[in-house]
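Have the sequence and the 3D view open side by side, and let's walk through them together.

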Amino acid sequence: MRLSSLIGLPRILWRDLIMFLSDATMSFDDVMAAYFFVDTAYQHTWSKLEVHRTLLKDEVRMQAFEKAIGEAVKPGATVIDVGTGTGILAFMAARAGAGKVVGVDSASIIEVARKAAQRNGFKNVEFVRADLRDVYGPKADLIICELIGMFITDEGITYKMAKMLPLLKEGGKVMPERLDIYVVPVESKDAGLGFWGDIHGIDYSAVGRVPREMRNYDMSAARFLSPPQKAAAVELANPEKGGLGFEGVFEISSDGEFHGCVMYFEAKLSEGVTLSTDPRKPQTHWKQVFLPSGGRMALKRGDRLKVSVKSALNDTKWLWKYSVG
Ligand SMILES: C[S@@+](CC[C@H](N)C(=O)[O-])C[C@H]1O[C@@H](n2cnc3c(N)ncnc32)[C@H](O)[C@@H]1O
């Protein structure tokens with residue numbers, strides 16, 4: 001296919017295509033190059049105030065980061081905030097007593113951070129508009145990287161944090177320190193189930209089942225059919241390269257209709273602070289990731305549900321498979 005005929009592809013397809021091509025080779029630098037390409041295409045999205053408003057009004061997130069930064073920043077420390085956006089976490093670090101804070105972001109939203117620094121009189125906070133791959137200093141006592149995506153790993157947090165690690169001083173800390181990812185089979189009366197029927201007088205029941213599409217949904221009303229299991233534990237100061245994977249067997253603890261698995265994270269931000277998107281806890285803007293089964297399977301107490309979930313396309317997507325037996 002000629003490149004000129006690809007130019008008109010919607011951006012989302014570009015992203016998939018780039019991620020697909022880069023996945024084939026999988027060297028760390030190639031993946032970073034692919035992310036650079038994607039991040040450049042996404043800068044217009046990241047520059048939108050509305051996107052950042054969603055983050056700033058997520059009180060669960062804000063309070064967790066403020067507390068963790070207060071704990072982790074030692075007086076006079078040097079802090080780098082990667083993907084600083086409006087600079088909010090950089091300002092929290094300065095307020096917690098950092099000597100020097102550098103906020104890095106490749107999108108124009110960083111101008112908002114610069115203006116806020118001026119207006120609030122922060123003299124020790126510097127904002128650098130650059131891709132994180134082009135940042136060579138200073139060495140930091142703490143590197144903050146809030147690049148947790150709506151599908152947890154899809155903003156490239158594992159790769160991007162790894163790229164920043166050479167700038168961490170001996171004994172320095174990263175935030176988050178760890179990401180634990182949990183999976184749990186659920187019955188859900190919601191999450192779009194039963195939608196494909198009569199829509200404005202048109203019969204769509206031929207769709208026949210719930211599309212097997214990974215989606216972001218508030219799953220707080222879902223009923224757990226067994227206890228959750230930890231599907232991955234990512235140490236961000238020492239990330240494993242090559243994808244995240246989980247294969248587990250869930251013993252069903254109560255009869256129900258299985259509609260898919262919910263995936264959520266617990267991010268250890270500092271020694272005493274964990275930020276969680278567990279659907280049983282107060283909701284965040286991340287909500288939960290729902291991996292639908294594509295159908296309705298009746299399960300009985302004691303049934304054994306095999307679940308395989310793994311990240312693909314350089315962590316931007318999840319692939320999943322369910323079977324009983
Ligand atoms: C989830 S937002 C976080 C914003 C801010 N830290 C906060 O907590 O409110 C992620 C930010 O990372 C930036 N970003 C993503 N990839 C980047 C890259 N490769 N280099 C520099 N900035 C990047 C985006 O432009 C975006 O502003």
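**A walk through the fold**

By class, the lining of the second largest cavity has seven nonpolar, three polar and one charged residues. Here Ala, Val, Leu, Ile, Met, Phe, Trp, Tyr, Cys and Pro count as nonpolar, Asp, Glu, Lys and Arg as charged, and the others, Gly among them, as polar. Before going on, bear in mind that this is a predicted model: local features need pLDDT of at least 70, side-chain atom pairs count only at pLDDT 80 or more, and totals for chains, interfaces and linings use all residues. Residues are numbered from 1 along each chain as its sequence is written, and side-chain values use heavy atoms, with hydrogens and water left out.

Back to that cavity. Rolling a probe the size of a water molecule over the atoms shows where empty space is left. On a 1 Å grid over the protein atoms alone, a cavity is a set of points where a 1.4 Å probe fits but cannot get out, while a pocket is an open set with protein on both sides within 12 Å along at least five of seven lines; lining residues have an atom within 4 Å of a point. A volume is the space filled by probe spheres set on the points, with grid points joined across faces, edges and corners. Two elements give two or more residues to its lining, strand 13 and strand 15 (288–299), and the largest share, three residues, comes from strand 13.

Now zoom out to the whole chain. It has eight helices and 17 strands; these are DSSP runs (helices are H or I with at least four residues, strands are E with at least two), numbered from the N terminus. Buried residues make up 50% of the 325 residues, where buried means under 20% relative accessible area, exposed over 50% and partly exposed in between (1.4 Å probe, protein chains only).

By class, the lining of the largest pocket splits into 22 nonpolar, twelve polar and eleven charged residues. The second largest pocket holds about 160 Å³ of space. Its lining includes E71, K74, D141 and K173, and strand 5 supplies the largest share, three residues. This lining divides into three nonpolar, three polar and six charged residues.

Strands of a sheet pair through backbone hydrogen bonds, either parallel or antiparallel. Five strands form an open sheet in the order 3-2-1-4-5, and the pairing is parallel; two strands pair if DSSP finds at least two bridges between them. At the edges are strand 3 (125–129) and strand 5, each pairing on one side only. Neighbouring strands of this sheet are turned by 20 degrees against each other on average, direction ignored. Axes here are lines fitted to C-alpha atoms (for helices, over the stretch in contact), and angles run from 0 to 180 degrees between N-to-C directions. Strand 4 and strand 5 run parallel and are joined by four bridges, with M175 in strand 5 as the bridge partner of I144. Helix 7 (residues 110–119) lies across strand 2 and strand 3, running at about 160 degrees to strand 3.

For an antiparallel case, go to strand 13 (residues 256–270) and strand 14 (residues 273–276), which pair over four bridges. A hairpin through two residues joins strand 13 to strand 14, and A267 stands opposite L275 in strand 14.

Last stop: why is helix 8 (residues 157–164) largely enclosed by the rest of the structure? Seven of its eight residues are buried, so the rest of the structure largely encloses helix 8. Those buried residues are I157, T158, Y159, K160, M161, A162 and M164. What covers them includes helix 3 (28–46), strand 1 (78–82) and strand 4 (140–145), where contact means heavy atoms within 4.5 Å.
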